[in-house]
Amino acid sequence: MAAAGGWRAGRARRRRRRRGRGEEKEDDEEEEEEGEGGPATKTVLRRLREARDDLLSSGFWAASAGAVRAPLSGPAEPPARCVCYGLGRFGRCPAARYQLAFLLLLLDELRVPPARCALFDPAFSALEAAALRALGLCLLPENEEGKHGVEGAATLFYMVHCGKALYNNLLWSNWSPAALSKLVIIGNSFRGIEERLLSRILERDYSYIAKVLKGVEEVALPSHPRYLDTFNDTSVHWFPLDKLQELSPVVWDFAEEPMYQDCEDLEIIRKGE
């Protein structure tokens with residue numbers, strides 16, 4: 001996870017801001033974009049390495065390995081690429097930093113090259129974008145609202161603590177047994193969503209989550225006292241082709257794009273906002 005060199009650092013201006021609860025001070029906040037080799041970028045990468053080391057030394061990563069490998073125990077092909085949504089401000093938020101460190105360990109485990117992993121969060125600062133590029137990762141150019149088709153390639157979607165509409169949009173964008181069987185989603189537990197929402201709300205606002213519940217396998221990440229707020233309610237989800245093919249054909253007939261006109265608490269940032 002060492003940073004690539006060779007980029008000249010731009011000069012970053014220091015500024016003061018009030019920090020939210022759980023946030024840290026970023027020594028050099030982004031007003032001007034910094035190159036990969038700049039001092040502020042190096043600080044972010046150092047903290048990220050420390051987070052990775054914590055995940056390893058605490059035993060959390062080792063305990064999570066079973067859940068991570070679960071989708072690979074059947075006939076499904078391993079992910080060839082990765083898409084990450086909603087990571088958050090990892091430059092100053094410890095929880096987001098641990099989530100990114102977990103993602104990097106995950107890419108190593110699954111042998112997905114960093115260049116095959118694309119991320120998007122409208123909150124990323126220029127400094128954080130520089131850090132991601134230093135790690136060899138890619139940035140998606142625009143807000144897809146989760147509407148990302150797998151296009152025939154087995155894909156891991158890393159979406160820890162994202163809004164329900166983002167998962168629903170992703171399912172809609174891949175609404176066929178062939179496409180869904182190529183998805184692995186690490187994010188909020190679908191079972192938990194089902195338990196917390198009234199059935200009529202789930203079926204009205206998040207119909208694709210509701211319809212796929214009988215076709216999904218789910219394994220929760222383990223609980224660990226150090227990461228209760230970081231990975232709580234997080235599961236690995238995959239969609240075995242044989243289970244999807246057992247669903248009623250009616251399930252696949254209706255594939256209208258979700259609009260959320262009646263949704264009172266839409267938990268995503270819409271494109272253009």
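Me: Which residues line the largest cavity?

Reply: Rolling a probe the size of a water molecule over the atoms shows where empty space is left. On a 1 Å grid over the protein atoms alone, a cavity is a set of points where a 1.4 Å probe fits but cannot get out, and lining residues have an atom within 4 Å of a point. Here the lining consists of Val68, Pro71, Leu72, Pro79, Leu106, Leu110, Leu156, Val184, Ile186 and Val236. By class there are 10 nonpolar, no polar and no charged residues (Ala, Val, Leu, Ile, Met, Phe, Trp, Tyr, Cys and Pro count as nonpolar, Asp, Glu, Lys and Arg as charged, the others, Gly among them, as polar). Both α3 and β5 supply at least two of the lining residues; helices (H or I, at least four residues) and strands (E, at least two) are DSSP runs, numbered from the N terminus.

This is a predicted model, where local features need pLDDT of at least 70 and side-chain atom pairs count only at pLDDT 80 or more, while totals for chains, interfaces and linings use all residues. Residues are numbered from 1 along each chain as its sequence is written, and side-chain values use heavy atoms, with hydrogens and water left out.

Me: How much space lies in the largest cavity?

Reply: A volume is the space filled by probe spheres set on the grid points, which are joined across faces, edges and corners. The largest cavity holds about 60 Å³, and the structure has 2 cavities of 30 Å³ or more.

Me: At what angle do α1 and α3 pack?

Reply: Axes are lines fitted to C-alpha atoms, for helices over the stretch in contact, and angles run from 0 to 180 degrees between N-to-C directions. Angles under 35 degrees count as roughly parallel, over 145 as roughly antiparallel, 65 to 115 as roughly perpendicular and the rest as oblique. Helix α1 (residues 39-57) meets helix α3 (residues 94-110) at about 70°, with axes 8 Å apart, so the two are roughly perpendicular. The contact residues comprise 10 nonpolar, no polar and 4 charged.

Me: In what order do the strands of the sheet lie?

Reply: Two strands pair if DSSP finds at least two bridges between them. This open sheet has 7 strands in the order β3-β2-β1-β4-β5-β7-β6, with mixed pairing. Its edge strands are β3 (138-139) and β6 (217-220), each pairing on one side only. Strand β4 (residues 155-159) runs parallel to β5, joined by 5 bridges. Tyrosine 158 has isoleucine 186 in β5 as its bridge partner, and Ile186 also lines the largest cavity.

Terms used:
On a 1 Å grid over the protein atoms alone, a cavity is a set of points where a 1.4 Å probe fits but cannot get out, and a pocket is an open set with protein on both sides within 12 Å along at least five of seven lines; lining residues have an atom within 4 Å of a point.
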